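Hi everyone, thanks for making the time this morning. Let me put the model up on the screen, and then we can walk through a few of its features together.

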Amino acid sequence: MDRNYLRWSKLPYAGEMKPPTDSITPLAGSWSFIYLDRNEKGDYLEPNGSVMNLPITDPNNINFDRELKVVQNTLKNITKNEENLAIYYGTGVPAKQWTPVIDRLIDTYGVPPTTSGRILSAVHGAINDAFVIVWDLKYGFDVARPNQYDHTMKTLLCTPRFPTYPSGHATVSGCAATVLSYFFPREERNLQRIANDNASSRLYAGVHFHIDNEEGLNLGRYIGNIIVNHLKTQENYDSDPIDRPYSKYKNADLYPVNYEQFIPFDFNDSCSSLLLDADEPSINKNKKTATSKPKLFL
């Protein structure tokens, strides 16, 4: 297949000599679904068996050279708040920051035990399905990372060892926010803000193109809505809907204080590609000196 873009599997990261050989879970796109399915042709299926029409732009139709300029300009002019967002959402796996969000919602709204289990299962099941699809797309498209387009690029965070398009953080966030908004509709605005921040943080980190995040959010919301529509069809023995979304607004406290992790962990800080240092001009511009940051991000 002809490709109008550079391939992740063919180029080294900035500061490295060979293309990546340590890809992370390259076969995850073939893993089992929780809510969705696939047919023998490889089409993705909704829970009712309908073929899904993924809202994803063919990367051959994307101008990644233009996208690269956005990444370069973002890193050159990064602000303190953008750096904080990049570090907060880039610490750990893409689903890490959604776990405490779910917990806060359950506590704030006084969700009973059985319902809390259903909410946790629904959100994480949806996240699983979003991961399977996005990983299948990532390795199928095989789009190079920003620091493979620019071999001199120093990123704020360490670039993950898998293809760039679409963004896993963005897809998971769009999906999680959509499913949680079903259970807590009055929190939708806050949940979508978290999803948008999580997606944008990958551009601020220098590890994703803007289009990776935009397409990922759209894809995640599409997957989330399909799963929500399925949840709405489920009934109890009295033929009543199982779910009763919480209509009263309680303004759950979902945001971290000073960007501190709800669930701290001392991650491995090794990184073989080029990173910006705290004393470089592009890191100090428009803000105070950066604090220490972890460097291994999935």
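The link of Cys 158 and Cys 271 is right-handed, with 90 degrees about the S-S bond. The sulfur atoms of Cys 158 and Cys 271 are 2.1 Å apart, and a disulfide here is a pair of cysteine sulfur atoms within 2.5 Å. Searching the whole structure turns up 1 disulfide. What does the pair tie together? Cys 158 sits in the loop between α5 (146-149) and α6 (168-183), and Cys 271 in the loop between α8 and α9 (281-284), so parts that are 113 residues apart in sequence are tied together.

A quick word on the source: this is a predicted model, where local features need pLDDT of at least 70 and side-chain atom pairs count only at pLDDT 80 or more, while totals for chains, interfaces and linings use all residues. Residues are numbered from 1 along each chain as its sequence is written, and side-chain values use heavy atoms, with hydrogens and water left out. Helices are DSSP runs (H or I, at least four residues), and strands are E runs of at least two, numbered from the N terminus.

Back to the cysteines: buried or partly exposed? Cys 158 is buried, at a relative accessible area of 7%, whereas Cys 271 is partly exposed at 25%. The cut-offs are under 20% for buried, over 50% for exposed and partly exposed in between, with a 1.4 Å probe and protein chains only. Cys 175 is buried too, at 0%.

Next, please look at helix α1 (residues 64-76) and helix α8 (residues 210-232). Their axes come within 8 Å and cross at roughly 100 degrees. That makes α1 roughly perpendicular to α8, a label given to angles of 65 to 115 degrees. The axes are lines fitted to C-alpha atoms over the stretch in contact, with angles from 0 to 180 degrees between N-to-C directions. Phe 64, Glu 67 and Val 70 of α1 meet His 210, Ile 211 and Asp 212 of α8, contact being heavy atoms within 4.5 Å.

Now helix α7 (residues 188-205). After α7 comes Gly 206, with a positive phi near 85 degrees.

Note on methods. Angles under 35 degrees count as roughly parallel, over 145 as roughly antiparallel, 65 to 115 as roughly perpendicular and the rest as oblique.
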